[in-house]
Amino acid sequence: MSLLGKAGHAPAARESGFAAHRAGVDRLLASYRAIPEHANVRLAKKTSNLFRARAENPAPGLDVSGLTRVIAVDPVARTADVAGMTTYEELVAATLPYGLAPLVVPQLKTITLGGAVTGLGIESTSFRSGLPHESVLEMDVLTGAGEILTATPDNEHADLFRGFPNSYGTLGYTVRLKIELEEVEPYVALRHLRFRDLRELEAALATIVTDREHEGEPVDYLDGVVFSAEESYLTLGRRTGEPGPVSDYTGMDIYYRSIQHDGGTPKRDRLTIHDYLWRWDTDWFWCSRAFGTQNPKIRRFWPKRYRRSSFYWKLVALDRKYDIGDKLEARKGNPPRERVVQDIEVPVERTADFVEWFLREIPIEPIWLCPLRLRETGGAERPGGRAWPLYPLEPGRTYVNVGFWSAVPTVPGQQEGAANRAIERKVTEFDGHKSLYSDSYYDKDEFAALYGGNTYTELKKRYDPDQRLLDLYSKAVQRR
């Protein structure tokens, strides 16, 4: 039933949502004023989807406890007002009853909307809908100066609107975002296409992104998995309301293993839209295998409520705190391992080049592929063709995100982060970028050239003149 289905219900619900939000904003501002004048401002947040070291900060953090809800959904306008710390799990739960979803829903349930906008996000709709920040209509931002400003594509804070994506909380934190929604169907019909040659996969991927169909069927969702140079897949999803049996990968069956087949006729599958959106979360793509969760004998007794990325992340945090993995490797006589947890983007025509190099040089598999293009219509206007200067993708050009999340043995005598440094050099060589949620090793000049340069410097001066927030290079690269 629509929010407008009962007279008076929608306005009352909307006003209640905004009243609760205003109370949360008041607590946020009070917590900002309580932070010592010369201390760095940070979030009072126990969890994170970042994989790089976080700075120790003894000062109290910002109270964001009142910024964790969907404020209001307008099913007629197909928009939602959402507090910045709301997770996509909560956002999707609020929109799906209306047959709506955000244009891009990142893969992990505990990613927040504000986090996906300031730190980027991606998923299988990105080949047609871009990145999450491209469906933002307006946002309220608590700046480093302690002001809450409303930024839109064309108001006096349009520079903040355009410069906020990929700023990682170094210009401010989103308090509220108004976003576009799109209609979805109850089910997603899947086709898994196998390739034995990465060049053929690259060509097919480029064609499907352009045509948005394959062999007469529309393609609404598109991503891929590479198991080896001889075994890779594209998964094509189609929205459908047709009833029928669906698969369930929250139990004993594992989604990424269901993709594999011998070739020839594409393998078909069906999921509910809810299960499709969260298909990767149950096993954190394939990373749950590190905890034994994919072993049938263990999986059978592993509680379902703990088969989710947020719980696996806690296990990773314990490993990092106590060096459990390295200690176990040392007992076997092996060297410590270097964490290689990254998402990078390269132009589609360099996809096979990068993947072939990666498979030769970095012993990690599987790896994830996800095509993306900046939105061609709708969303924020893009003056000068570069609306997002801190992550400057070219309009009209197809890129492919390559994701890989594991660790590799270190080699005695090599510098710290040798594998990650090699990946950075190769990505730059192929005219790509990498996300900044994990370890980075760029020098200052190279970093500035890739991630905003003078534009970022001017934004920092305007919206955080007293340097209450860390700058982007300090937050993303420098070690502590």
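Helices (H or I, at least four residues) and strands (E, at least two) are taken here as DSSP runs, numbered from the N terminus. This is a predicted model, in which local features need pLDDT of at least 70 and side-chain atom pairs count only at pLDDT 80 or more, while totals for chains, interfaces and linings use all residues. Residues are numbered from 1 along each chain as its sequence is written, and side-chain values use heavy atoms, with hydrogens and water left out.

Most residues other than glycine have a negative phi, and most peptide bonds are trans. Proline 366 sits in the loop between α12 (351-361) and β14 (367-372).

Two residues deserve attention for phi. Arginine 78, in the loop between β1 (70-74) and β2 (79-83), is not a glycine, yet has a positive phi of about 60°. Phenylalanine 285, in the loop between α8 (273-277) and α9 (296-299), is also a residue other than glycine, with a positive phi near 60°.

Buried means under 20% relative accessible area, exposed over 50%, and partly exposed in between, with a 1.4 Å probe and protein chains only. Arginine 78 is partly exposed, at 35%, and phenylalanine 285 is buried, at 6%.
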